[in-house]
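Please keep the sequence and the model in view while reading.

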Amino acid sequence: MEIKEERSSDEARQFFPSSQLDSLGEPQLTSIQGIANEPKLEFSLACKDLVAATRDRKLNTFIQVSVVHPAEHILTRYSSTEIVEGTKDPLFLTGVTFPPEYPIYEETKIKLTVYDVKDKSQDTRSFLGCATFRVGDLVKSKDQQLTLTLRTSDGGRTVGTIEVNLVKMGELEEGETDHITADAQDQKCALFRECTATEGISGKDNLPSLNAVLRNPVCKLYRFPTSDNKWMRIQEQMAETTLSFHVPKELINLHIKEDMRRNQELKDLGELAPHWDNMRKSVIAHCDQMLSMYQDTLAELMKHTGSSFKSSCSKGEKTLEFIPINLHLQRMHVHSPRLKDALYDVITVGAPAAHFQGFKNGGLRKLLSKFEAERRNTGYQCIYYSPENTAKAKEVLSNISHLQPLISSHADLLLSSASQRSPDSLKNSLKMLSEKTELFVHTFKDQLVRSALLALYTARPGCVLKNSAVPRKSVEEGADAQHQDHPSHIKRQDSIPHHSEYDEEEWDRVWANVAKSLNCLIALVDRLLEKDNMSSIKEGENEPSAADCKVLHTEGDWYEQLYPLVITLKDCMGEVVTRAKQSMAFVLLQELACDLPQCLMLTLRRDIVFSQALAGLVCGFVIKLHTGLHDQGFLQQLHTVGLLVQYEGLLSTYSEEAGMLEDMAVGISDLQKVMFKIIEAKSEDFLPIITGRREQYIIEVQLPAKMFELLPQEIKEGKLLRMYPVLFNVGINEQQTLAERFGDTTLQENINQENLELLKEYYKLFMEKMPPDCLPHFQEQNDLKELLESLHQNIQAKKRKNVEIMWLAATICRKLNGVRFTCCKSAKDRTSMSVTLEQCSILRDEHQLHKDFFIRALDCMRSRKTQGALNESDDPETGCLTDNKPTSRHFYPVALLLVSSHLLVVWLILSLALLLAKYQ
């Protein structure tokens with residue numbers, strides 16, 4: 001809950017007896033009895049016979065609710081109702097709810113202040129009257145209702161009455177809507193109650209794990225009429241998430257470790273020729289600077305306390321550049337009278353982008369393309385390796401660091417089983433050793449390793465080079481032709497030709513020795529087990545003689561026989577590892593050296609954008625998992641197909657926002673390298689665990705034992721779960737108008753077209769692997785195909801501000817059990833407009849919201865008053881007052897700018913004139 005204002009204790013003294021205030025000890029407080037995890041107190045409000053300042057004025061009123069805490073004697077503004085227009089008897093359809101953790105007692109007093117809003121656009125209002133009541137009086141009243149007299153600030157004149165009705169916890173009024181009077185229907189909103197109860201987020205069993213990732217939930221309840229004159233209840237919730245900071249900190253820590261390993265691998269390259277050695281020193285120096293920057297950023301984040309999300313005003317702060325902007329969960333829970341309850345989640349977040357780095361030269365999409373083109377023309381200073389080969393080199397290094405210790409560990413277990421003379425244990429150890437060694441050997445069956453070894457050999461000092469007889473153009477053409485059959489073949493420049501003294505078959509013999517050593521080990525184990533089996537049979541037939549026992553003892557010393565072969569295997573593996581690590585480190589050296597500062601800055605920018613995107617993805621996955629734990633169809637889809645993650649972008653393609661969109665597109669695309677794994681929590685810490693490297697990350701989501709047991713066996717056994725992120729963007733603001741009139745929208749069109757193909761691939765995979773009954777309950781068989789075709793047509797149409805693309809993509813995502821994201825620059829205005837419109841559209845299309853109440857429902861969800869956004873700077877009882885807000889406003893709807901380019905020019909001229917007049 002957000003506290004907007006605190007008043008002095010002097011103002012609160014009027015509500016308490018002097019004997020209570022003069023007491024030195026704390027007052028004796030009586031708690032309100034309630035149900036666990038339910039709101040402590042809920043009440044609704046209505047006024048009657050309000051008196052206007054002038055006879056002919058129609059009142060536009062709202063009520064501000066303030067609380068006086070008996071222990072602190074401070075008046076605290078708590079919430080407010082919506083504005084009800086044009087009536088002296090307003091029925092406020094906004095209630096008040098106090099959550100279970102809120103410190104409210106029978107002795108607590110509540111002050112209700114009624115205002116008349118004179119000008120909604122300027123937030124000008126005047127004080128009408130106020131009344132106070134004691135919570136205990138309301139709870140203990142006979143009809144659980146109080147009728148209070150509204151009086152002016154001096155307490156002299158009566159200006160009407162106010163009714164306070166206690167609402168039972170979680171109670172929903174039943175019945176028809178026919179009893180609503182015409183006056184009540186004309187009032188702008190339907191019922192909602194405001195609370196911050198954590199229980200509203202999910203079921204009780206989910207609370208421990210959800211509380212680990214969600215913070216400060218705010219809950220609102222509405223009731224709207226359906227087309228058949230029934231009531232439906234809508235519970236809307238918003239919550240922050242601790243993952244906003246947890247995920248970036250984990251990710252930066254992994255980056256630091258990865259970069260430290262890379263720097264050490266560069267140092268371990270050994271002696272190099274002067275040209276390459278100087279290059280290595282320069283690269284290491286720059287990498288150390290970048291590493292120091294990551295370490296400083298992590299240290300600053302570790303010091304962070306307070307809010308668990310980054311506000312939009314902090315998006316340009318360097319220390320917070322890895323943190324997503326305004327990451328929140330937005331949930332709508334619909335209770336329909338005749339339809340099954342439904343849950344709709346949207347994750348709202350600012351577009352993942354490197355705001356501190358700026359967008360002067362564009363975003364990642366443009367910068368990466370430009371960088372790759374420049375790398376191809378680096379001359380003879382370094383060797384060009386394609387991005388695929390560079391990624392392959394990092395993968396080989398990662399496999400080496402992962403597999404080498406595993407093979408050594410399994411080899412030691414094999415010797416331990418041999419010393420214990422345990423046949424079963426020996427078989428299992430050999431099986432594990434064989435599997436890991438085969439993976440190890442397979443890693444090096446790549447042309448890249450062979451070529452990199454040759455390049456490294458020629459980079460050693462004293463090496464005699466021979467010019468290649470093949471021209472550069474022919475080499476590149478030949479490499480391109482071979483690339484089709486061998487994806488990992490590299491393109492070499494003439495600076496590293498073949499060397500006559502280098503034996504290219506030597507590498508084949510080196511890594512083949514690992515496989516030969518393993519085969520020898522397998523053969524020996526088989527012989528030992530066979531002899532042991534034969535000995536067991538002989539022992540069963542006859543008593544062995546002393547000579548036989550001596551022979552058996554000699555042959556049976558398994559450890560001594562296996563030990564030399566295990567040592568040989570480790571030695572062969574060590575030689576392979578040394579050569580392979582050096583060759584792959586040499587490939588990475590070329591990547592960094594081609595355009596040193598630019599390369600590292602691009603890596604930093606990509607890390608920043610990916611960190612923001614990943615935090616949102618982890619939040620969305622955790623929420624979706626908790627929501628679908630009891631849905632076997634969804635769980636089957638999760639491990640069989642994967643999870644669709646759909647991003648709705650509202651960025652324009654003009655000026656800086658075009659750069660943001662480029663960043664966002666790359667960041668979301670990079671999420672394809674993320675996989676999830678669900679594990680059983682071993683402690684009370686349920687925060688996700690992140691492992692991996694820049695090319696592949698695994699997110700381990702921890703669940704309590706009871707929830708973990710609900711999962712399919714495949715997921716419980718650790719199957720990795722794939723993500724399928726897609727992005728559809730439609731600019732909707734005035735900047736997009738400029739882009740469409742005078743700029744270029746190609747970026748948006750290309751992104752939408754590319755992601756449509758990705759969405760079609762996921763749909764095809766879904767339909768191949770999943771039965772039709774796994775689709776949501778309101779799904780029809782041909783809906784998805786028709787929706788996809790309609791989406792394709794709308795994207796091809798290239799219509800201006802075609803928001804139909806957004807609606808179609810969101811609908812397809814929901815029908816495919818996907819996770820929904822809505823993003824704009826800061827996840828505020830455009831995002832809130834989009835989310836509320838989507839929610840009301842769902843209520844209309846799926847839950848029969850009455851057509852006459854669509855706009856009213858939309859106004860209610862968007863109402864600033866119901867958000868508690870009251871920021872007066874003066875005493876509210878002194879008369880007319882205004883909010884302390886900027887005075888600059890549009891004097892006409894921005895939508896008019898869409899009509900004609902002439903109006904756009906007029907708008908620009910008027911805006912310039914207004915600015916000049918303001919600062920003269």
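Thr-348 lies in strand 14, which covers residues 342–350, of what is a predicted model. With a relative accessible area of 8%, Thr-348 is buried, because anything under 20% is counted in that way. Leaving aside residues up to four places away in sequence, Thr-348 touches Asn-326, Leu-327, His-328 and Gln-330, and also Thr-822, Ala-827, Thr-831 and Val-835.

**Nonpolar cores**

- The largest nonpolar core has 87 residues, and those that touch the most other members are Phe-440, Phe-444, Trp-507, Leu-562, Met-584 and Phe-586.
- Helix 15, running over residues 558–594, supplies the largest share of this core, with 18 residues.
- Phe-586 touches Leu-269, Trp-276, Ile-383, Ala-455, Leu-456 and Ala-459, when residues up to four places away in sequence are not counted.
- Another core, of 60 residues, lies apart from the largest one, and its members include Ile-623, Val-674, Ile-678 and Val-819.
- As general background, nonpolar side chains tend to be buried together in soluble globular proteins.

**Aromatic pairs and cluster**

- The structure holds 11 aromatic pairs, and in one of them the rings of Phe-621 and Phe-676 are stacked, because their centres are 4.0 Å apart and their planes stand at 15°, an angle under the 30 degrees that limits stacking.
- This pair links distant parts of the chain, since Phe-621 belongs to helix 16 (residues 596–627) and Phe-676 to strand 16 (residues 674–680), 55 residues apart.
- Both partners are enclosed by the burial criterion: Phe-621 counts as buried at 2% relative accessibility, and Phe-676 is buried with a relative accessible area of 0%.
- The rings of Tyr-647 and Phe-821 also form a stacked pair, with centres 4.4 Å apart and planes at 20°.
- Because Tyr-647 lies in strand 15 (residues 643–649) and Phe-821 in strand 20 (residues 819–824), the pair ties together parts that are 174 residues apart in sequence, and both Tyr-647 and Phe-821 are buried.
- Phe-62, Tyr-115 and Phe-127 form one aromatic cluster.

**Lysines over ring faces**

- Lys-624 lies over the face of Phe-634, at 5.5 Å from the ring centre.
- Lys-673 is placed over the face of Phe-610, where the distance to the ring centre is 4.9 Å.

**Helix 18**

- Helix 18 (residues 656–670) has 15 residues and, at 1.5 Å a residue, should span 21 Å, which agrees with the 22 Å between its end C-alpha atoms.
- Helix 18 is largely enclosed by the rest of the structure, because 13 of its 15 residues are buried.

**The chain as a whole**

- The secondary structure of the chain comes to 27 helices and 20 strands, and 51% of its 920 residues count as buried.
- Among the contacts in the chain with a separation of 6 or more, 75% are made by residues 24 or more positions apart.
- The chain exposes about 42900 Å², of which carbon and sulfur atoms supply 50%.

How values were computed:
Residues numbered from 1 in each chain as written. Predicted model: local features only at pLDDT ≥ 70, side-chain atom pairs only at ≥ 80, totals over all residues. Heavy atoms only, no water. Core = buried A, V, L, I, M, F, W, Y, C linked by side-chain atoms within 4.5 Å. Buried < 20%, exposed > 50% of the residue type's maximum accessible area, 1.4 Å probe, protein only. Helix = DSSP H or I, 4+ residues; strand = E, 2+ residues; numbered from the N terminus. Contact = heavy atoms within 4.5 Å. Phe/Tyr/Trp six-rings, centres within 6.5 Å; stacked < 30°, edge-to-face > 60°. Lys NZ or Arg CZ within 6 Å of the ring centre and 35° of its normal. Expected span 1.5 Å × (residues − 1). Areas by Shrake-Rupley, 256 points an atom, 1.4 Å probe, with all protein chains shown as cover.
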